[in-house]
Amino acid sequence: MPLVKPSTDDAPGTAALLDPPASGAEPTSAPFDPMQCSAVYMPQAAVLAAEEASLDDHGETTLAQSVAYLFGLSIAQRVIGLVRGLLVCIWLTPALLGPWDLANKFFFLASPLLVLGIPGSFGRYLEYYRQHGALRSVLRRTALVCVIMCALGWLTFQVFAEPLAELFFLHREKAELLQLAATCLLAVVAFNFLVEVLNALRLVRLNALIQFGQSACFAVFCIAGLAWWRADSTAVICAYAAASCAMLLAG
């Protein structure tokens, strides 16, 4: 197999090494000079090193800013939740506070079960479909399936309100409260859907901001409802759903 001659742009001495010697001539070879090779390849290496260093510096600054941003929002969200909880405990008696606590547990358990935990899988699959240009199609189909299951679940809670009220609220007399909670559950499921999408798309700052906004709106709506509407668990449940709807519109 014939050897291919290198171009004149190659490092000095390379052509002499690869050219075959003439017939009857003594083989000659140019001495290998590491400094000449360094002169050829070092400028590109220096450029790459400089680019990596600038990327590292930029990433470190962005990471520090993101951590400070998320830490500040997390602290503020916890403080708002603490103040809201204290005010709710002051306004409501234990007998009225109990139904809200059960409704909160109902939201926590029923919201993923109602949609079979499908939004929880976004973190694993959405990035794959986004890279293949099918993100909109997957979100559209998934949202349609979740809407259908939510409608069926809401209808079930409305029709079998009394037995389900005994299951979730321990009293059949709480059937109307269960029906209200089931209606508010739709807003909670939609808000959780949005949060999971933002998590899957790695929009961490926007996700943290929306969750902070939901907590702040919940505190404002809850205090306003208890002060100027009705001082019972119904006001707190409606405030929670209203805060979720407000962040859905904002998102």
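The model is predicted: local features need pLDDT of at least 70, side-chain atom pairs count only at pLDDT 80 or more, and totals for chains, interfaces and linings use all residues. Residues are numbered from 1 along each chain as its sequence is written, and side-chain values use heavy atoms, with hydrogens and water left out. Helices here are DSSP runs (H or I, at least four residues), numbered from the N terminus.

**Confidence**
- The chain has a mean pLDDT of 79, and 75% of its residues reach 70 or more. The pLDDT is the predictor's confidence in each residue, from 0 to 100.
- Among the elements of the chain, H5 has the highest mean pLDDT (94) and helix H1 (residues 14-18) the lowest (41).
- The pLDDT is below 50 over residues 1-61. Beyond near neighbours in sequence, this stretch has 17 contacts in the model. Contact means heavy atoms within 4.5 Å.

**Helix H5**
- H5 spans residues 135-159, 25 residues in total. From first C-alpha to last it reaches 36 Å, close to the 36 Å expected at 1.5 Å a residue. The expected span is 1.5 Å times one less than the number of residues.
- Its buried residues are Leu 135, Val 138, Thr 142, Cys 146, Met 149, Cys 150, Gly 153 and Phe 157. Buried means under 20% relative accessible area (1.4 Å probe, protein chains only).
- An α-helix has 3.6 residues a turn, so residues three or four places apart point the same way.
- The cover over the buried residues of H5 includes H3 (94-114), H4 (122-131), H6 (161-168) and H7 (175-200).

**Nonpolar core**
- The largest nonpolar core has 51 residues. Those with the most contacts inside it are Trp 100, Phe 106, Phe 107, Phe 157, Leu 185 and Phe 218.
- H3, H4, H5, H6, H7, H8 (204-228) and H9 (233-250) each supply at least two residues of this core. H7 gives the most, with 17 residues.
- Such a core is a set of buried Ala, Val, Leu, Ile, Met, Phe, Trp, Tyr and Cys residues joined through side-chain atoms within 4.5 Å.
- Leaving aside neighbours within four places in sequence, Phe 157 has contacts that include Phe 106, Leu 114, Leu 164 and Leu 185.

- Ser 244 lies in helix H9. It counts as buried because its relative accessibility is 1%. Beyond four places in sequence, Ser 244 is in contact with Ala 187, Val 188, Phe 191 and Gln 214.
- Ser 215 is in helix H8. It counts as buried because its relative accessibility is 6%. Beyond four places in sequence, Ser 215 is in contact with Gln 77, Ile 80, Gly 81 and Arg 84.

How values were computed: Buried < 20%, exposed > 50% of the residue type's maximum accessible area, 1.4 Å probe, protein only.
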